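Please open the model in your viewer and keep the selection tool at hand. The stops below tell you what to select next and what you will find there.

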Amino acid sequence: MTVSNGDPLKIFVPFVNEKMATELFSENKFLLNMDIYLFDNRGRSAGLPKLYNEIIENHLNEDVWLFFVHEDFEVQGELFGTENLAHEAVYGTFGVRLDGHAPVGFGQHKCSEKDGSSVLQVGLPVTSPTWVETLDCVAILIHTRLLRDRPRLRFDEALTFDLYAEDFCINAQENFGVPVMVLPVEFQHYSKGYVTERYWRGIKHLGEKYPNVGVPGSCSFIGGKSQELETHYTYDIPANRKKRRDRAAKKNRNYFKALRLFRKRP
């Protein structure tokens, strides 16, 4: 594998919360002198895969690292160097692989609410590039040379916000034999990652797209063989327990509200 040999790094941050994006990137002391591009996505509301594919096309003729990150991602230590990274790999800051039947997360970091409260420590620490099966969407690093040589390796625009990194990783490894790696970096993700209906629609889409694949993701198994993996392990993400409790509480409130509405009046 060839290494980047000093190719520049560009950081791309689509945002809907300008204050958060500015504080976490433009004003971040660990990102001084970095080439950072903040994209206001409030008016357009485009899916991130579409935005990322457009950025790829605009930079495809350059030799450059493209670092796609969410607005709620904060680097809290020295950012990894790219000088000795191979072009022919996909990189991120948090990913998952199976250990026996259990998913294991790599890329230790803090995960919290948007305001920084309720901090959880997530993932195992890594000290060098570490292989995983899928990356979380929070951050993904790709070299244009990898993309230039593989025009079918792009983000799936049928997805909008969830699972596009996982899809990219499956495509890279299954169809191109490109490895997926987690890089060491200290960071905080200001999102507990609640699983939404949008997420489950994406899971259904990827199950149909990859009927013979079963891999672990950050929040669930992915691919047509997910059910086989689920017979051995059930995801129980702390961040989503509150979501389930809130959903159950809302259901109970609606139930008792209905009783009040439809009870017989004297």
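Begin by selecting Phe 12, Tyr 37, Phe 39, Tyr 52, Phe 68, Phe 155, Tyr 164 and Phe 168, which together form one aromatic cluster; rings of Phe, Tyr and Trp (its six-membered ring) are taken to pair if their centres lie within 6.5 Å, and a pair counts as stacked when the planes are under 30 degrees apart, as edge-to-face when they are over 60, and as tilted for the rest. Before you go further, note that this is a predicted model, in which local features need pLDDT of at least 70 and side-chain atom pairs count only at pLDDT 80 or more, while totals for chains, interfaces and linings use all residues. Residues are numbered from 1 along each chain as its sequence is written, and side-chain values use heavy atoms, with hydrogens and water left out.

The structure holds 17 aromatic pairs. Keep Phe 12 and Tyr 37 on the screen: their ring centres are 5.1 Å apart and their planes stand at 15°, so this pair is stacked. Phe 12 belongs to strand β1 and Tyr 37 to strand β2, so the pair ties together parts that are 25 residues apart in sequence; helices (H or I, at least four residues) and strands (E, at least two) are DSSP runs, numbered from the N terminus. Is Phe 12 buried or exposed? Phe 12 is buried, with a relative accessible area of 1%, whereas Tyr 37 is partly exposed at 29%, where buried means under 20% relative accessible area, exposed over 50%, and partly exposed in between (1.4 Å probe, protein chains only).

For another pair, select Tyr 199 and Trp 200, whose ring centres are 5.1 Å apart and whose planes are at 90°, so the pair is edge-to-face. Tyr 199 is buried with a relative accessible area of 6%, while Trp 200 is partly exposed with 41%.

Now switch to a cartoon view and look for the open sheet of 7 strands, which has the order β2-β1-β3-β12-β5-β13-β10 and mixed pairing; two strands pair if DSSP finds at least two bridges between them. At the edges stand β2 (35-40) and β10 (130-131), each with a single partner strand, so one side of each is left without a neighbour in the sheet. Helix α1 (residues 18-26) packs on this sheet and touches β1 (9-15), β2 and β3, and its direction makes about 175° with that of β2. A contact here means heavy atoms within 4.5 Å, and the axes are lines fitted to C-alpha atoms, for helices over the stretch in contact, with angles that run from 0 to 180 degrees between N-to-C directions.

Within the sheet, select β12 (residues 139-143), which runs antiparallel to β3 (residues 65-69) and is joined to β3 by 5 bridges. Along this pairing, Trp 65 stands opposite His 143, and Phe 68, a member of the aromatic cluster, stands opposite Ile 140. Strand β5 also pairs with β12 in the antiparallel sense, over 2 bridges, and there Tyr 91 stands opposite Leu 141. Which residues cover the two faces of β12? Ala 139, Leu 141 and His 143 lie on one side and Ile 140 and Ile 142 on the other, and all are buried.

Next, go to the loop between β4 (73-75) and β5 (90-92), where Gln 76 is found. Gln 76 is buried, with a relative accessible area of 17%. A polar contact of 3.1 Å joins the side chains of Gln 76 and Gln 188; such a contact is a pair of N or O atoms within 3.5 Å, and within protein one must be able to donate a hydrogen and the other to accept it, while residues adjacent in sequence count only if both atoms are side-chain atoms. Not counting residues up to four places away in sequence, Gln 76 touches several residues, among them Phe 30, Lys 110 and Tyr 190.

For the last stop, select Gly 217 in the loop between β15 (215-216) and β16 (221-222). Gly 217 counts as buried at 1% relative accessibility, and, leaving aside neighbours within four places in sequence, Gly 217 is in contact with Val 96, Thr 134, Ile 222 and Tyr 235.
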